[in-house]
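Please look through the structure shown here, beginning with the ways in which its parts are described and then following a few of them in turn.

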Amino acid sequence: MNNSNSIFNRAKKVIPGGVNSPVRAFGAVGIDPIFVKSALGSKIYDVDGNEYIDYICSWGPLIFGHSKKEFISGVEEIMMRGTSYGLPTEIEVSMAELIVDAYPSIDMVRMVSSGTEATMSAIRLARGYTKKNKIIKFEGCYHGHSDSLLVKSGSGTLTYFEPTSLGVPSKVVEDTLVAKYNDIESVKKLIEMYGDDIATVIVEPVAGNMGVVAPDIKFMKELRRITEDNNILLIFDEVITGFRVSYGGAQEVLGIKPDITCLGKIIGGGLPVGAYGGRKEIMELVSPLGGVYQAGTLSGNPLAMHMGYKTLKALKNDKSLYTKIENLAIYFENELNRIIQDLKAPLTVTRFKGMLCIFFIDNEIKSYDDVKGSDLKSYAEFFRKMLKEGVILPPAQFEGLFLSDAHTKEDVETTIVKMEKVLRKMY
Ligand SMILES: *Cc1c(COP(=O)(O)O)cnc(C)c1O
């Protein structure tokens, strides 16, 4: 038994499943998890002394890679002045100014501590603003784990949606409608059926939680148009894509202005942060200005703001990083496609800017329906073999691979060589 195994055994006794977020248990890949000791740049080191090229990047936040010296220095000085006050600080204002400056759709922004809080609050705000009740989300999109968003379409019908978690009363998801990603007709149908009572449509402008599924630009433009026409607020959940696919997020790439934007992940630079923002007249409804209540003991925490501010500032100062990461992702994609074609393996690579996914299915990929039949057993085998080769991929098929500024061409070349070796044995 190695060190990871023995820590996991201790963990399972005192933490449900031994982990503080389910995917970390490696359940989908059929082995016990590695426990991390440290990380630097593009590499992770486990408690058994193994080194891995990391394509998880903490599930998105680490666009500069792990432990970037320039960001971490100064944290101690900040801590010496106190870790949290429950009173306002200047760095929160500077952070908000940076975000407002980067997103033309955002006049005002409120900091929270996670992406889950951001989307939950954004939905409350949309309901408060429109004075309507129902919301539309898309199958395969994830917006954190608040009750009303843990729902999927029920068997066969367009009118029945079931909770995806125990403990969520069906009454709570009664007002959550589920549409099909990249399928405008599915949205139109719901609007026809429930027209006057739909407060908001929440969408990942680039889907990153069913693997990476790129948006159809016509679909997104149409979605913007019909929400506007029907007095429905459009929420872009840019918790992954914000400051990742470009400095101004997916909305900048797509040229679409949502009413409310949710941010998270990158804006905390690896510390717990989320945010939601939008037009002034909407945001003015948030307490203490307006009647939509929302609060947080650790919201705008000085350490998190410090890390977030340094990350955003560095991104702003050198936007060439986005091209660099995208080019690396394109190289990765091309090499993978070469291997797939060569082996005639039933795999499909999807990519949007620097976000990438290797699906174990041979399909055109536009919605959850296209990926749900993926060969999960083969993905698990691929993951395990790549882990042995010193490359850590997301421990589940329906997650994206993230590259960072710290990933080098050599990292990706090494990864490709190992992937080719592993896939050659599998196909
Ligand atoms: C990660 C994620 C969330 C949830 O954020 P947490 O910080 O994990 O609560 C919400 N929406 C999207 C699109 C995400 O990827």
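A residue is called buried when its relative accessible area is under 20%, exposed when it is over 50%, and partly exposed in between, using a 1.4 Å probe and protein chains only. The model is predicted, so local features need pLDDT of at least 70 and side-chain atom pairs count only at pLDDT 80 or more, while totals for chains, interfaces and linings use all residues. Residues are numbered from 1 along each chain as its sequence is written, and side-chain values use heavy atoms, with hydrogens and water left out.

Helices (H or I, at least four residues) and strands (E, at least two) are DSSP runs, numbered from the N terminus. In helix α4, which covers residues 90-102, the buried residues are Ser94, Met95, Leu98, Ile99 and Ala102. Seen down the axis of α4, these buried residues fall within an arc of 135° (taken from the directions from the helix axis to the C-beta atoms), so they line one face of the helix. On the other side of α4, Glu90 and Glu97 are exposed. The buried residues of α4 pack against β4 (108-112), β11 (260-263) and α10 (302-317), where contact means heavy atoms within 4.5 Å.

Turning to the strands, two of them pair if DSSP finds at least two bridges between them. Strand β1 (residues 36-40) runs antiparallel to strand β2 (residues 43-46) and is joined to β2 by 4 bridges, with Tyr45 in β2 as the bridge partner of Ser38. Strand β2 is in turn joined by 3 bridges to the antiparallel strand β3 (residues 51-54), where Ile53 is the bridge partner of Lys43.
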